Amino acid sequence: MKLSFRWYGPDKDPISLEYISQIPNVASIVMQCYKFKPGLAWESDKIIRIKKLINDHHLNWDVVEWIPVHEDIKLGLPIRDKYIKNYCTTIERLAKEGIKVICYNFMPSFN
């Protein structure tokens, strides 16, 4: 078992990685990425930048709390295939950077 800390990112969280890295035995970050819009594939360079920021504080980014599911997927609309492809691309890009856990949240309306 690994002790992790939930972090919302440098723009959303009042608790800095510097402070989190001082918590005894905390080894990794669980991140909720609000800066990424539903339906868009997360850009590799942004994923790498976030990972580097976390690694620079001697922490690992192991878990993504949530990848937003576009409403058109939930509603089964014809354009959903485009958004499903982008969702898969995001998963592939996260995996390439060593992120092995993605929490899945499928709510009937956007949360």
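This is a predicted model: local features need pLDDT of at least 70, side-chain atom pairs count only at pLDDT 80 or more; totals for chains, interfaces and linings use all residues.
User: Is Ser28 buried or exposed?
Analyst: Ser28 is found in strand S2, which covers residues 26-32. Its relative accessible area is 1%, and the cut-off for a buried residue is under 20%. Ser28 is therefore buried.

User: Which side chains make a polar contact with the side chain of Ser28?
Analyst: Apart from residues up to four places away in sequence, Ser28 touches Lys2, Leu3, Ser4, Phe5, Leu59, Asn60 and Asp62. A polar contact of 3.3 Å joins the side chain of Ser28 to that of Asp62. Another polar contact, at 2.3 Å, links the side chain of Ser28 to that of Ser4. The side chains asked for are those of Asp62 and Ser4.

User: Which residue stands opposite Ser28?
Analyst: Strand S1 (residues 3-7) and S2 run parallel and are joined by five bridges. In this pairing, the residue opposite Ser28 is Ser4.

User: In which sense do S2 and S3 pair, and what handedness has the β-α-β unit of S2, H2 and S3?
Analyst: Five bridges connect S2 with S3, and the sense of the pairing is parallel. Gln32 stands opposite Trp66 of S3. With H2, the two strands make a β-α-β unit that is right-handed.

User: Why is S2 described as largely enclosed by the rest of the structure?
Analyst: A residue counts as buried when its relative accessible area is under 20%. S2 is largely enclosed because the number of its seven residues that are buried is six.

User: How many residues has the largest nonpolar core?
Analyst: Helix H1 (17-20), S2, helix H2 (44-55), strand S3 (60-66) and helix H4 (80-96) each give two or more residues to this core. Ile29, Met31, Trp42, Ile54, Trp61 and Leu94 have the most contacts inside it. Ile54, leaving aside neighbours within four places in sequence, is in contact with residues including Ile29, Met31 and Trp61. The number of residues in the core is 22.

User: What is the phi of Asn25?
Analyst: Asn25 lies in the loop between H1 and S2. Asn25 counts as exposed because its relative accessibility is 68%, where the cut-off is over 50%. Although Asn25 is a residue other than glycine, its phi is positive, near 70°.

User: What is the phi of His58?
Analyst: His58 is placed in the loop between H2 and S3. With a relative accessibility of 72%, His58 counts as exposed. His58 is not a glycine, yet its phi is positive, at about 60°.

Notes. Residues are numbered from 1 along each chain as its sequence is written. Side-chain values use heavy atoms; hydrogens and water are left out. Helices (H or I, at least four residues) and strands (E, at least two) are DSSP runs, numbered from the N terminus. Buried means under 20% relative accessible area, exposed over 50%, partly exposed in between (1.4 Å probe, protein chains only). A polar contact is a pair of N or O atoms within 3.5 Å; within protein, one must be able to donate a hydrogen and the other to accept it, and residues adjacent in sequence count only if both atoms are side-chain atoms. Contact means heavy atoms within 4.5 Å. A nonpolar core is a set of buried Ala, Val, Leu, Ile, Met, Phe, Trp, Tyr and Cys residues joined through side-chain atoms within 4.5 Å. Two strands pair if DSSP finds at least two bridges between them. A crossover is right-handed if, with the strands pointing away from the viewer, the path from the first strand over the helix to the second runs clockwise.
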